Amino acid sequence: DNIVTHHIAFATENALLEDAAGESGGVYLVAYNKSQLMHALYSVAQMIGQAVSFTAPAVSVDAENKIQNGNELYMGLFLPMNQRYWVGNLKKYQFGDGSADRPEFWGVYDASNNLAADLVTGEYFDDTDGFWGDEQDSNDSDNRAEADISEDGVGEVLTERVLQSFTNGADFYERAIKIADPEYEEGYPVNLVDLATHAGNTELEVATDELRHKTINWTYGYTFDTDDSGNPVAVREWALGPIIHSRPTIIDYYNAEDSTVLDHRYIVVGACDGMLHVFDDSTGAELMAFVPNDALRQLKNFESIFHQPLVDGEIKQVRYKANEESISQPKYLIFGQRRGGGTIVALDISDPNPNNWTVAWEFSDPEMAQSWSSV
């Protein structure tokens, strides 16, 4: 009787665990010996490696009523890879507004006003039409069993831009990737200058010109391979690094005469490719990317490793009253790097052109190895 009772209890417990896994969208695996346990753990690791994850989403502010949210939703994504560079993306969706095009208030819609996620499970569909990128290109498999992180979004726009630069061959380094001017005299503000022309062996902490060329090429979206002149010979499979903890931040510049008119909207997010990226909301194009000094010294390591947690910290925006009409405009963008470095950086973003931004100040301390705190 004791044996029968034991087996009934064991079967009931397994059934409950299996039901719990099913209800939560998880996986139920059973192992009765060491070999089965090893296979189960391997299977779990494989599933984790194929699972797309996302950082906390950002929601826009209504231009006409600043105390309520807008309809836009921005999601930063990352996908761990095995023996390949981790990839990331930033995608845009819209909330339902009760209209004929987006009737479900609790729904999330794509650019074609189709539901982007299941209303019951919350699962995002693979065949959504992105606000940024071309839905009908070769990247789009529209297979719900596959991770769709490398479809649409700013990552696709950026990858195709790098490919175009490489194909044209006129300017491999046309992206506006900036660093703090290494020749500035002590004090702030510090101007931003182009990485390709101002980052020398000292700034990149490399021993040879060859490694300098390789590192710069990788940062601009190419592989580490170079020709005899140091030029890139191939583009990377995906140009944008993983967005893990850095939450997308919306930068709105309102018209100086009418606070309900939005002149510019940028989406800023940090990625583990070593850059703080600034994207245009209307096109998804990268307007500027900034590499802080802590990350600059680690870019060379990508030749031998596939993932580094570089620009991965929280971003805060400080706005100020711009004129007598009390129209609030952006002033500072402050961010840390978590495990990527021990420096907190503040950019002066009062100019609507990101290429004119400056480093307002930086804070570091010998006892602060990493900048995890909220800023």
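User: How is R102 classed, buried or exposed, and what is the relative accessible area of R102?

Analyst: Buried means under 20% relative accessible area, exposed over 50%, and partly exposed in between (1.4 Å probe, protein chains only). R102 is buried, with a relative accessible area of 9%. This is a predicted model, in which local features need pLDDT of at least 70 and side-chain atom pairs count only at pLDDT 80 or more, while totals for chains, interfaces and linings use all residues. Residues are numbered from 1 along each chain as its sequence is written, and side-chain values use heavy atoms, with hydrogens and water left out.

User: Which side chain meets that of R102 in a salt bridge?

Analyst: Side chains of opposite charge can pair when their charged atoms come close. The rule for a salt bridge is a side-chain nitrogen of Lys or Arg within 4 Å of a carboxyl oxygen of Asp or Glu. R102 pairs with D97, at 2.9 Å from N to O. D97 is partly exposed, with a relative accessible area of 31%. The whole structure has 15 salt bridges.

User: Where do R338 and D312 lie?

Analyst: R338 and D312 form a salt bridge whose closest N and O atoms are 3.8 Å apart. R338 is in the loop between β13 (328–335) and β14 (343–348), and D312 in the loop between α7 (293–296) and β12 (315–321), so this pair ties together parts that are 26 residues apart in sequence. Both R338 and D312 are buried.

User: How many cavities of 30 Å³ or more are there?

Analyst: Rolling a probe the size of a water molecule over the atoms shows where empty space is left. On a 1 Å grid over the protein atoms alone, a cavity is a set of points where a 1.4 Å probe fits but cannot get out, and lining residues have an atom within 4 Å of a point. Grid points are joined across faces, edges and corners, and a volume is the space filled by probe spheres set on the points. The count is one cavity of 30 Å³ or more. The largest cavity has a volume of about 60 Å³. Its lining includes K91, D110, T128, W132 and D152. Strand β4 (residues 87–95) gives the most to that lining, with three residues.

User: What covers the buried residues of α6?

Analyst: Contact means heavy atoms within 4.5 Å. In helix α6 (residues 209–219), the buried residues include R212, I216 and W218. Their cover includes β6 (177–180), α4 (195–198) and α5 (201–204). G221 follows α6 and has a positive phi, near 110°.

User: With which residues is S165 in contact, leaving aside neighbours within four places in sequence?

Analyst: S165 is in contact with A170, D171, F172, E174 and Y222. S165 belongs to helix α3 (residues 153–168) and counts as buried at 8% relative accessibility.

Key: On a 1 Å grid over the protein atoms alone, a cavity is a set of points where a 1.4 Å probe fits but cannot get out, and a pocket is an open set with protein on both sides within 12 Å along at least five of seven lines; lining residues have an atom within 4 Å of a point. Helices (H or I, at least four residues) and strands (E, at least two) are DSSP runs, numbered from the N terminus.
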